[in-house]
Amino acid sequence: MNGTTNNDEQSARAAAQMRQQVLGAPDATCGKCGGEYFENVFKVKRVSALMSPNGQETMVPMQTLRCLECGNILSEISDFSAPAQEESAEEPVPKAKNM
Ligand SMILES: [Zn+2]
């Protein structure tokens, strides 16, 4: 009997399931060039002494993504190209005419 193993197995299974779901999701691509690969880059915000809790100017790194192909910075979902998916998913349900 080993409870921890059981727990590990469960979380491992959940992780595998999550991975499966992510792998099945469509690839996000660069809104400029359609590139599929990105690297982590940081934008640094200077928080002024007036706004900073400790009264000193602070640097706050904000992680964002940069397209490896064209160097485009993708910080928001709208920076990516729209997913090339079947439209039925987002389309409003057409009015039923079978009445
Ligand atoms: Zn790009």
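Two strands are said to pair if DSSP finds at least two bridges between them. Helices (H or I, at least four residues) and strands (E, at least two) are DSSP runs, numbered from the N terminus. The structure is a predicted model, in which local features need pLDDT of at least 70 and side-chain atom pairs count only at pLDDT 80 or more, whereas totals for chains, interfaces and linings use all residues. Residues are numbered from 1 along each chain as its sequence is written.

**View 1. Hairpin of strand 2 and strand 3.** Strand 2 and strand 3 pair in the antiparallel sense over two bridges. Five residues separate these strands in the hairpin, and Gly71 in the turn has a positive phi of about 80°. Leu65 has Leu74 of strand 3 as its bridge partner.

**View 2. Overall arrangement of the protein chain.** The protein chain contains one helix and three strands, which follow the pattern α-β-β-β along the sequence. Of its 99 residues, 4% are buried (20 or more other C-beta atoms within 10 Å of the residue's own; exposed means 12 or fewer, and partly exposed lies in between, with C-beta atoms placed from the backbone). Two residues are in contact if their C-beta atoms, placed from the backbone, lie within 7 Å. Among contacts between residues at least 6 apart in sequence, 54% join residues at least 24 apart.

View 3. The three strands form an open sheet in the order 1-2-3, with antiparallel pairing. Strand 1 (38–47) and strand 3 (73–74) are the edge strands, each pairing on one side only. In a regular strand, side chains alternate between the two faces of the sheet.

**View 4. Pairing of strand 1 with strand 2.** Strand 1 and strand 2 (residues 58–67) pair in the antiparallel sense over 10 bridges. Phe38 has Cys67 in strand 2 as its bridge partner. Glu39 stands opposite Arg66 in strand 2, and Lys45 stands opposite Val60 in strand 2. Zero of the 10 residues of strand 1 are buried, so strand 1 lies largely in the open. Strand 2 is hardly covered, with a count of one buried residue among its 10 residues.

**View 5. Surroundings of Gly31.** Gly31 lies in the loop between helix 1 (3–24) and strand 1. This residue counts as partly exposed because it has 18 C-beta neighbours inside 10 Å. When residues up to four places away in sequence are not counted, Gly31 touches Asp79, Phe80 and Ser81. Gly31 and Ile73 are 42 residues apart in sequence, and their C-alpha atoms are 9.8 Å apart in space.

**View 6. Glu76 beyond strand 3.** Glu76 is found in the segment after strand 3. Glu76 is exposed, because 9 other C-beta atoms lie within 10 Å. From C-alpha to C-alpha, Glu76 and Thr64 are 8.6 Å apart in space, with a sequence separation of 12 residues.
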